[in-house]
Amino acid sequence: MEGSLFKVVFLLLVLGLVNTLVNGQGTRVGFYSSTCSQAESIVKSTVAGHVNSDSTLAPGLLRMHFHDCFVQGCDASVLISGSGTEKTAFANLNLRGYEVIDDAKTKLEAACPGVVSCADILALAARDSVVLSGGLSWQVPTGRRDGRVSQASDANNLPRPSDSVDVQKQKFTAKGLNTQDLVTLVGGHTIGTTACQFFSNRLYNFTTNGAADPSIDPTFLSQLQTLCPQNSGATNRVAFDTGSQNKFDNSYYANLRNGRGVLQSDQALWNDASTKIFVQRYLGLRGLLGLTFNVEFGRSMVKMSNIEVKTGTAGEIRKICSAFN
């Protein structure tokens, strides 16, 4: 009898853990099933229409969701327009895809007025962008509400291109994300580009004797210097994942192994033992328990998308994503 009771309790604990991994505090998969059953399909078709016309919007939407969640939680505070808002912070000046979210919101308001939050639209759009880029899908828990605060100063603690691994780990830990989540989520750089101004310091006068960052592959260094000339070309765009910038795959990690990480913070993941182990596991290197990037990415995204969410009666459901009600 006691043994049977133990098994039942253990099973309930396991089921509870699984439910927590898929559904967050106050969010759940299928939140709109009875109030706006077409919500996810409307977002999906809207994102597809835009991304099929401009594939660069996929990494843009993924990055926007990341930046939103790391400031005030996943509450669409990054979407608010106006002086001194998050959108105006230096780290957010190059975010793209606002028009996609606005388009989806317009369609959702026509179908289900006042029901679907902008925060949920952004979470769904990020997932759909990954799928459209060749990645695997995952179930997105919904039920977030939109925040009522958006301040540029709050964006100061976003991860930066020059952050060391220790600093990156501190920032992720503060949001309830572990080292594997860090390496996995930064793997979103498998799609998209960055501007020369965010890494050109590595190409010229990086060391005390005026040399470039020694962790850069010499051949790759020459390519980067051509794309980003010294003292010019600050806004020139360079792919994060050389040779595979439009495909969601694990080649980003192979580039780190080969000294072809573009950002200093990216290459640092290979140069630090605590993060290198996860890069190696994603590459399936011999002697290590492998990890499947596409699967783990979805799991880490669910964790990230539940950072400090507002649910229940907190926040609001905006009528327009760029303005508070």
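Me: Is helix 12 mostly enclosed or open to the outside?
Reply: This is a predicted model. In it, nine of the twelve residues of helix 12 are buried, so the helix is largely enclosed by the rest of the structure.

Me: Which residues of helix 12 are the buried ones?
Reply: They are Phe-293, Asn-294, Glu-296, Phe-297, Gly-298, Ser-300, Met-301, Val-302 and Met-304.

Me: How far does helix 12 reach from its first C-alpha to its last?
Reply: The reach is 16 Å. That is close to the 16 Å expected at 1.5 Å a residue.

Me: What does Lys-303 form a salt bridge with?
Reply: With Asp-181. The closest N and O atoms are 2.6 Å apart. Lys-303 lies in helix 12 and Asp-181 in helix 7, so the pair ties together parts that are 122 residues apart in sequence.

Me: And Asp-181, buried or exposed?
Reply: Asp-181 is buried, with a relative accessible area of 4%.

Me: How many salt bridges does the count come to?
Reply: The count comes to 14. One of them pairs Lys-171 with Asp-163, the closest N and O atoms being 2.9 Å apart. Both Lys-171 and Asp-163 are buried.

Me: What about Asp-54? Which residue does it form a salt bridge with?
Reply: Arg-96. Their closest N and O atoms are 3.1 Å apart. Asp-54 sits in the loop between helix 2 and helix 3, and Arg-96 in the loop between helix 3 and helix 4, so the bridge ties together parts that are 42 residues apart in sequence.

Me: How accessible are Asp-54 and Arg-96?
Reply: Asp-54 is partly exposed, at 26% relative accessibility. Arg-96 is partly exposed too, at 33%.

Me: Which residues do salt bridges with shared partners join into one network?
Reply: Glu-40, Arg-127 and Asp-128.

Me: New topic. How many disulfides are there in the whole structure?
Reply: A search of the whole structure finds four.

Me: Remind me, what is a disulfide?
Reply: A covalent bond between the sulfur atoms of two cysteines.

Me: OK, which cysteine does Cys-36 pair with?
Reply: Cys-112. Their sulfur atoms are 2.1 Å apart. The link is right-handed, with 75° about the S-S bond.

Me: Where do Cys-36 and Cys-112 lie?
Reply: Both are in loops. Cys-36 is between helix 1 (2-22) and helix 2 (39-53), and Cys-112 is between helix 4 (98-111) and helix 5 (118-132), so the pair ties together parts that are 76 residues apart in sequence. Cys-36 counts as buried at 2% relative accessibility. Cys-112 counts as buried at 6%.

Me: And Cys-69? What is it joined to?
Reply: Cys-74, with a distance of 2.0 Å from S to S. The link of Cys-69 and Cys-74 is right-handed, with 120° about the S-S bond. Cys-69 is buried, with a relative accessible area of 0%. Cys-74 is at 0% as well, and counts as buried.

Me: What about Cys-118 and Cys-321: right-handed or left-handed?
Reply: Left-handed. The torsion about their S-S bond is about -95°, so the disulfide gets that label. The sulfur atoms of Cys-118 and Cys-321 are 2.1 Å apart.

Me: What is the pairing, with the bonded cysteines numbered in sequence order?
Reply: The pairing is 1-4, 2-3, 5-8, 6-7.

Me: Which one gives the most?
Reply: Helix 3, with six residues.

Me: And what classes of residue are in the lining?
Reply: The lining of the largest pocket has 23 nonpolar, 16 polar and six charged residues.

Note on methods. Residues are numbered from 1 along each chain as its sequence is written. This is a predicted model: local features need pLDDT of at least 70, side-chain atom pairs count only at pLDDT 80 or more; totals for chains, interfaces and linings use all residues. Side-chain values use heavy atoms; hydrogens and water are left out. Helices (H or I, at least four residues) and strands (E, at least two) are DSSP runs, numbered from the N terminus. Ala, Val, Leu, Ile, Met, Phe, Trp, Tyr, Cys and Pro count as nonpolar, Asp, Glu, Lys and Arg as charged, and the others, Gly among them, as polar. The expected span of a helix is 1.5 Å times one less than its number of residues. Buried means under 20% relative accessible area, exposed over 50%, partly exposed in between (1.4 Å probe, protein chains only). A disulfide is a pair of cysteine sulfur atoms within 2.5 Å. A salt bridge is a side-chain nitrogen of Lys or Arg within 4 Å of a carboxyl oxygen of Asp or Glu.
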